[in-house]
Amino acid sequence: MILVTGGAGFIGANFVLDWLALHDEPVINLDKLTYAGNPETLSSLQGDARHRFVQGDIGDSALVSRLMTEYRPRAVVHFAAESHVDRSIHGAEDFIQTNILGTFRLLEAVRTHWSALPASHKADFRFLHVSTDEVYGSLAPGAPAFNETHAYEPNSPYSASKAASDHLVRAWHHTHGLPVLTTNCSNNYGPFHFPEKLIPLMIVNALAGKPLPVYGDGMQVRDWLYVKDHCSAIRRVLEAGRVGETYNVGGWNEKPNIEIVHTICALLDDLRPRADGASYTTQITHVKDRPGHDRRYAIDARKLEAELGWKPAETFETGIRKTVQWYLEHGDWVAHVQSGAYRQWITSHYEAA
Ligand code: NAD
Ligand code: TYD
């Protein structure tokens with residue numbers, strides 16, 4: 001079996017759902033259930049013996065050690081993190097605690113278990129660390145996309161904390177021999193995305209008749225990847241990645257934010273027209289820019305393609321249409337997130353560890 005951390009969050013939950021749709025290999029899902037963790041996303045796995053959900057902190061060394069001893073997973077896939085840049089600007093403490101200290105404690109608990117394994121199991125074990133392109137900082141217009149040797153130049157408290165965690169993972173390999181893999185992915189979008197991030201926020205606000213807040217001039221560029229393509233890249237790296245290597249993951253879909261917002265409005269105008277016949281674009285509002293806002297991210301994913309044969313299945317056009325349709329069809333999920341009802345789910349549907 002494998003141990004997934006942060007598997008009630010956006011990408012982790014998509015990963016667990018896809019994994020169990022493709023494999024029978026069980027998953028232990030360790031998640032603290034912060035505001036970003038939503039067990040309702042995993043409701044289709046209720047009663048599925050292949051999924052064992054454990055509410056807990058990656059920084060709880062005793063808990064992680066107990067899980068490692070009890071379940072003896074062959075791999076750890078580490079998603080758990082504080083992930084929202086704007087929150088990291090308002091308060092970075094949780095980012096330091098989870099992304100840095102939590103990753104350190106997780107690495108140590110995993111290393112202790114791994115060190116005691118028989119030689120053959122030791123060689124086959126993997127610790128896959130899921131990271132972001134934001135560790136590389138901001139690109140000038142026209143500069144080549146980030147490859148794996150690009151210097152780390154993190155600019156936000158979030159990206160600095162992720163950069164620190166990447167360095168710890170690297171050091172645990174070089175110093176202790178832990179068989180690690182790291183992926184650095186561009187911005188994800190798709191089903192079950194918490195509506196504080198750009199794409200789900202715009203869809204949800206548009207449908208609620210609220211303003212669509214675009215930071216600054218809206219010309220900041222992100223490189224968008226459909227979440228299921230990120231999950232397939234992680235599965236491929238876990239399966240065949242070279243130990244100690246990092247792999248950049250992206251879909252060659254650079255877009256300015258304002259274009260993303262216009263695309264969402266156009267899809268909604270088509271799929272769910274406003275009652276007054278006006279376009280959703282009338283709700284676009286330019287607001288104060290984010291401090292330290294990175295201007296451009298772009299990922300060069302050629303290493304992953306050349307070495308491991310990975311390619312995304314979705315284009316931005318197919319992925320964004322699926323995403324908008326998903327939000328239109330899952331009003332209950334959105335309503336429970338907005339009302340906070342999803343936070344009660346744990347008491348009624350899952351047992352705490
Ligand atoms: P998310 O915020 O949606 O989910 C994070 C999950 O981690 C939540 O379920 C939360 O409850 C859990 N968690 C937080 N602190 C924890 C702790 N101390 N112990 C256990 N669980 C804890 O994040 P996401 O968007 O799914 O991102 C997952 C990972 O992928 C993160 O490491 C992030 O840095 C990385 N990443 C995200 C993106 C993106 O576009 N969202 C892109 C590249 C990389
Ligand atoms: P976000 O989804 O927060 O991801 P990240 O900051 O990690 O890239 O934001 C994506 C882009 O959208 C980023 O340039 C900030 C911008 N943005 C807005 O313009 N308005 C918003 O309300 C949000 C949440 C983001």
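Which of the 28 residues around ligand 1 come nearest? Select ligand 1 to begin: I11, D31, S83, Y158 and K162 are the nearest of the 28, where a residue is near a molecule or strand if one of its heavy atoms lies within 4 Å of it. This is a predicted model, in which local features need pLDDT of at least 70 and side-chain atom pairs count only at pLDDT 80 or more, while totals for chains, interfaces and linings use all residues. Residues are numbered from 1 along each chain as its sequence is written, chains are lettered from A and ligands numbered from 1 in the order in which they are written, and side-chain values use heavy atoms, with hydrogens and water left out.

**First stop: ligand 1**

Next, display the polar contacts (pairs of N or O atoms within 3.5 Å). K162 places a polar side-chain atom 2.6 Å from an oxygen atom of ligand 1. A backbone N or O atom of T34 is 3.0 Å from an oxygen atom of the ligand, and a polar backbone atom of V130 is 3.5 Å from one. On its own, ligand 1 has 830 Å² of accessible area, of which the protein covers 97% (Shrake-Rupley method, 1.4 Å probe).

Now colour the shell by element, taking helices (H or I, at least four residues) and strands (E, at least two) as DSSP runs numbered from the N terminus. At least two residues each come from α1 (10-22), β5 (126-132), α6 (157-176) and β7 (187-189); β5 gives the most, with three. By class, the shell holds twelve nonpolar, twelve polar and four charged residues. Here Ala, Val, Leu, Ile, Met, Phe, Trp, Tyr, Cys and Pro count as nonpolar, Asp, Glu, Lys and Arg as charged, and the others, Gly among them, as polar.

**Second stop: ligand 2**

Select ligand 2 and the 17 residues around it, of which E134, P213, R222, R290 and H293 come nearest. R222 has a polar side-chain atom 2.8 Å from an oxygen atom of ligand 2. For N257, a side-chain N or O atom is 2.9 Å from an oxygen atom of the ligand, and for Y215 a backbone N or O atom lies 2.9 Å from one. The protein buries 96% of the 510 Å² that ligand 2 exposes when taken alone.

The elements giving two or more residues to this shell are α7 (198-207) and β8 (212-215), and the largest share, three residues, belongs to β8. The shell comprises seven nonpolar, five polar and five charged residues.

Finally, select α2 (residues 61-71) and α4 (residues 93-115), whose axes come within 9 Å and cross at roughly 35 degrees. Axes are lines fitted to C-alpha atoms, for helices over the stretch in contact, with angles running from 0 to 180 degrees between N-to-C directions. Show S61, V64, S65, M68 and T69 in α2, which meet R105, L106, A109, V110 and H113 in α4 (contact means heavy atoms within 4.5 Å). These contact residues divide into five nonpolar, four polar and one charged.

Definitions and conventions. A polar contact is a pair of N or O atoms within 3.5 Å; within protein, one must be able to donate a hydrogen and the other to accept it, and residues adjacent in sequence count only if both atoms are side-chain atoms.
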